[in-house]
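Here's a quick tour of one protein model. Have a look at it first, then read on.

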Amino acid sequence: MSVFLLFVSFGIVYLVQFFVKKILLWSKLPPGPWGVPLLGSVPFLGGGPLHLKLDSLRKKHGDVFTVGVFHKEVVVLSDWESVRDFFGRLDFSGRPDALLFRQVALGNNGIVSSQGSLWQENRRFTLRVLRDFGLGKREALDSMIQDAALGLCRSLRARRHEPQDFGPHLNLAVLNVIWKMTADKQFAHDDPRMQDFMDRVLEVLNDSSLLGPIQWVPAFVYLWPPALKAYRRVNRNMAAISQIFLNEVEEHKRNLPSSGGSKDYIDAYLTEMALQKSRGEVNPNFTEFQLRVNISDLFIAGSESTATAIRWSVLFLLCHPDVQEKLQAEVDSVVGHDRLPSLHDRNRFERDGGWHPS
Ligand code: HEM
């Protein structure tokens, strides 16, 4: 048989298999666009912001729809009820074996990329420790946030006569709160170590957005030079970030208080490991390696998300000075001028009092 015939035969078999799979799979999945063999709906998603494309698909196919991304079927949830419903079900807590998970969490490890008992135990433990900071030790969390906010205000005020980019200052403030919670550390805004750490975290997040859509077909990374660059940069940055966390864990091990009384997340995790060991338990879900991935998850998941939410709020207030005035008046009446706002004030603010433009 000639090579040409062989290609045609493979082509026909592939196409038949593609359409049979589509018909069988799609009879069980939510509706969505058909797409083309090998690429799925990818050719129709490019050119323009992805969220707008997905929104137009939502209008056509409903709030829950399926999109083919290369050889994977991706179900998109675009309304609050479905997101809450699906993410509350254990059946949907699985994580795929994706390129970015392999790079950032060295596989299905930590909290964000893990699943099953590894995810459940580490997530539960982390939530409990962070909740202790938030509720049991509300004053501790209060002073972490107040210190970071004061540092932010000081650095903005120091150069108040020149235009400045609010973003990097805010990122540093948020990272400082996470550093304080995880390792009881805080850095000055002009500390080069902090600047280097922040640049690396932000670069990982930026590169992740670029690699995100092609992570299901890792071979594509080698075919598109910007993706290859981003892939190598993520590896380099994650290695440097992991080394910082490794040093931090080693330092905490040397200074771990023998009488308990953890001052931060790393202490709490190491203490839990020691407790399990003293009970003779061998728990592969609680290891120094998992601890390092957990810390990395807290930084990667907690930094840009929080800073972006605050940046949008500030932009919203800039665009709606009337709302800003209402909010300022409320802060003045609830907090006054003699102290800083605290978590205790939270319930004293009207939930949605000032947030509607008039
Ligand atoms: C306004 C700020 C934040 C927003 C909008 C946000 C949003 C989200 C979303 C949508 C998810 C689910 C992602 C998924 O399952 O694929 C998530 C998960 C997560 N977030 Fe946040 N987050 C914020 C702040 C934080 C902070 C401050 C931390 C910790 C310091 C954090 C740590 C995590 C972790 C560890 C997960 C994974 C949870 C799991 O898989 O069970 N986030 N976040």
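Let's start with two helices: the axes of α9 (residues 192-211) and α10 (residues 225-254) come within 9 Å and cross at roughly 145 degrees. Keep in mind that this is a predicted model, where local features need pLDDT of at least 70, side-chain atom pairs count only at pLDDT 80 or more, and totals for chains, interfaces and linings use all residues. Residues are numbered from 1 along each chain as its sequence is written.

**The helix pair**
- Helices here are DSSP runs (H or I, at least four residues), and strands are too (E, at least two), numbered from the N terminus.
- Axes are lines fitted to C-alpha atoms, for helices over the stretch in contact, with angles from 0 to 180 degrees between N-to-C directions.
- On the α9 side, the contact (C-beta atoms, placed from the backbone, within 7 Å) includes F197, R200 and V201.
- From α10, P226, A227 and Y231 are among the residues taking part.

**Around the ligand**
- Among the residues surrounding the ligand are I111, R123, D297 and T306; the cut-off is a C-beta atom, placed from the backbone, within 6 Å.
- Helix α12 (residues 288-319) gives the most to this shell, with seven residues.

**The hairpin**
- Strands β1 (residues 64-69) and β2 (residues 72-77) run antiparallel and are joined by six bridges; pairing takes at least two bridges found by DSSP.
- V64 stands opposite L77 in β2.
- Two residues sit between the strands of this hairpin, and F70 in the turn has a positive phi of about 55 degrees.

Technical notes: Contact = placed C-beta atoms within 7 Å.
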